[in-house]
Amino acid sequence: MKPADIRFMRLCLEKAAGGAGRVSPNPLVGAAVVRSGRLIASGHHARFGGRHAEVVALRRAGARARGATLYVTLEPCAHHGKTPPCVEAIVASGIRRVVAAMGDPHPLVDGRGFRALRRAGVTVSRGTLAPEARELNEAYVTALREGRPMVTLKAGMSLDGKTATAAGESRWITSEASRRAGHRLRAAHDAILVGIGTALADDPRLSVRGRASGRQPLRVVLDSRLRLPDRARMLRSAGGEVIIYTAGSSRRKGRLEKEGARVIRAGRGRGGVNLGRVLRDLAGRGVHSLLVEGGSEVAWSFLRARLVDRIAFFIAPRILGGRESIPVVGGDGARRLSDGFKVRALRAGLIGGDLLLTGRVGSGRLPRQG
């Protein structure tokens, strides 16, 4: 890879990230028009239904795009969707060369964009910073290839891995800075999920606060017996739509729907609501990224089912101890060390005096049944 290609593709990746939380179920895409080693114009896909990154950059470049190179993080589309095909705009602009980080796995694209460009006489190069591009759009790729959202397990805990004291006190273990970061994490996901235990104990709103713009994520509760109160704060506060997944039928369904919730029967799975059906249903609603916030039993259920892709653990510098205090992950746990879940690509950073650990967990496809 040429140093210039790497430099301009890195710029495109930075631009693409600006659409986080606003473009889903579309992918995050950034683009730049470069001529004789100089940046002419750049742009990114800023909102769902808006202009694609390539078109934004080309319009800003105008006539200067003729004979130039277009850098883009994802294969340009060649089909009509909410906007015209980007390939048509690229060819019409007179772009001579396209450098793309990765192909688009969407069945309507998947190589068609590259082939259309080459047929039009445009030189195409792909693979520059491909790993970074795949990580940026992991949610998009996961939804397309596995039929489920990318799942991030998020938690705030003490240094010894507790999320609440033995008396049930949990507010606030982590710092205000960590809580602000948690809201930014919420804003970057399509949906937020908690179990009924957390919903009853904390009565959360599950909304994004402290953010001037951007849509609110879908709010999801796993509630096998429909115990969520009619006056739960999430039902009475501004935010995204509330979906409650339950295991069976209940007389309370009508009452909760009267309060604005959508109640969906997902059937029973191991230890509660069927997670496979929940994730399939969410994917069908355009949810490509899901933030699982608790509680400890829900965390274990997702891990046990090998449905966690990433973790984001905010760790406060305090020790709670106690046999009855609540651990970040509950359930039966691993019986042997070899049964534990290995976290890879671990990264650590300080935020407001707390430690933020992020990493990747080995995950798998949804089971064929269930």
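Helix H7, residues 176-187, contains 12 residues and reaches 17 Å from its first C-alpha to its last, close to the 16 Å expected at 1.5 Å a residue. This helix belongs to a predicted model, in which the chain has 12 helices and 18 strands.

- The buried residues of H7 are Ala177, Ser178, Ala181, Gly182, His183, Arg186 and Ala187.
- Strands contribute to the cover over these buried residues, including E6 (150-157), E8 (191-195) and E14 (289-294).
- Also among the covering elements of H7 are strands E15 (310-315), E17 (343-351) and E18 (354-361).

**Helix H6 and its end**

- Helix H6 spans residues 138-146, and its residues Glu138, Ala139, Tyr140, Val141, Thr142 and Ala143 are buried.
- The buried residues of H6 pack against helix H5 (130-136) and against E6, E14, E15 and E18.
- Just after H6 comes glycine 147, with a positive phi of about 70°.

**The chain as a whole**

- For 370 residues, a compact globule would have a radius of gyration near 21 Å, and the 23 Å of this chain agrees with that expectation.
- The C-alpha trace spans about 70 × 45 × 40 Å along its principal axes.
- Buried residues account for 49% of the 370 residues.
- Of the contacts between residues at least 6 apart in sequence, 71% join residues at least 24 apart.

**Cis peptide bonds**

- Serine 24 and proline 25 are joined by a cis peptide bond with omega of about 10°.
- Proline 25 is placed in the loop between helix H1 (3-16) and strand E1 (30-35).
- Another cis peptide bond runs from glycine 294 to glycine 295, where omega is near 5°.

- Aspartate 110 is a residue other than glycine, yet its phi is positive, near 35°.
- The loop that holds aspartate 110 lies between strand E4 (97-100) and helix H4 (112-119).
- With a relative accessible area of 47%, aspartate 110 is partly exposed, because the exposed class begins over 50%.
- Leucine 206, likewise not a glycine, has a positive phi of about 60°.
- Leucine 206 is found in the loop between helix H8 (196-202) and strand E9 (218-222).
- The relative accessible area of leucine 206 is 1%, so this residue is buried.

**Glycine 67**

- Glycine 67 is in the loop between helix H2 (53-61) and strand E3 (69-72).
- Its relative accessible area of 32% makes glycine 67 partly exposed.
- Apart from neighbours within four places in sequence, glycine 67 is in contact with Arg35, Gly94, Ile95 and Arg96.
- Glycine 67 and alanine 17 are 50 residues apart along the chain, and their C-alpha atoms are separated by 27 Å.

- Serine 338 is placed in the loop between strand E16 (326-327) and E17.
- At a relative accessible area of 61%, serine 338 is exposed.
- From serine 338 to arginine 97 the separation is 241 residues in sequence and 50 Å in space, C-alpha to C-alpha.
- Aspartate 309 occupies the loop between H12 and E15.
- Aspartate 309 counts as buried, because its relative accessibility is 4% and the cut-off for burial is under 20%.
- Aspartate 309 and methionine 234 are 75 residues apart in sequence, with 26 Å between them in space, C-alpha to C-alpha.

Key
Residues numbered from 1 in each chain as written. Predicted model: local features only at pLDDT ≥ 70, side-chain atom pairs only at ≥ 80, totals over all residues. Heavy atoms only, no water. Helix = DSSP H or I, 4+ residues; strand = E, 2+ residues; numbered from the N terminus. Rg over C-alpha atoms; globule rule 2.2 N^0.38 Å. Buried < 20%, exposed > 50% of the residue type's maximum accessible area, 1.4 Å probe, protein only. Contact = heavy atoms within 4.5 Å. Expected span 1.5 Å × (residues − 1).
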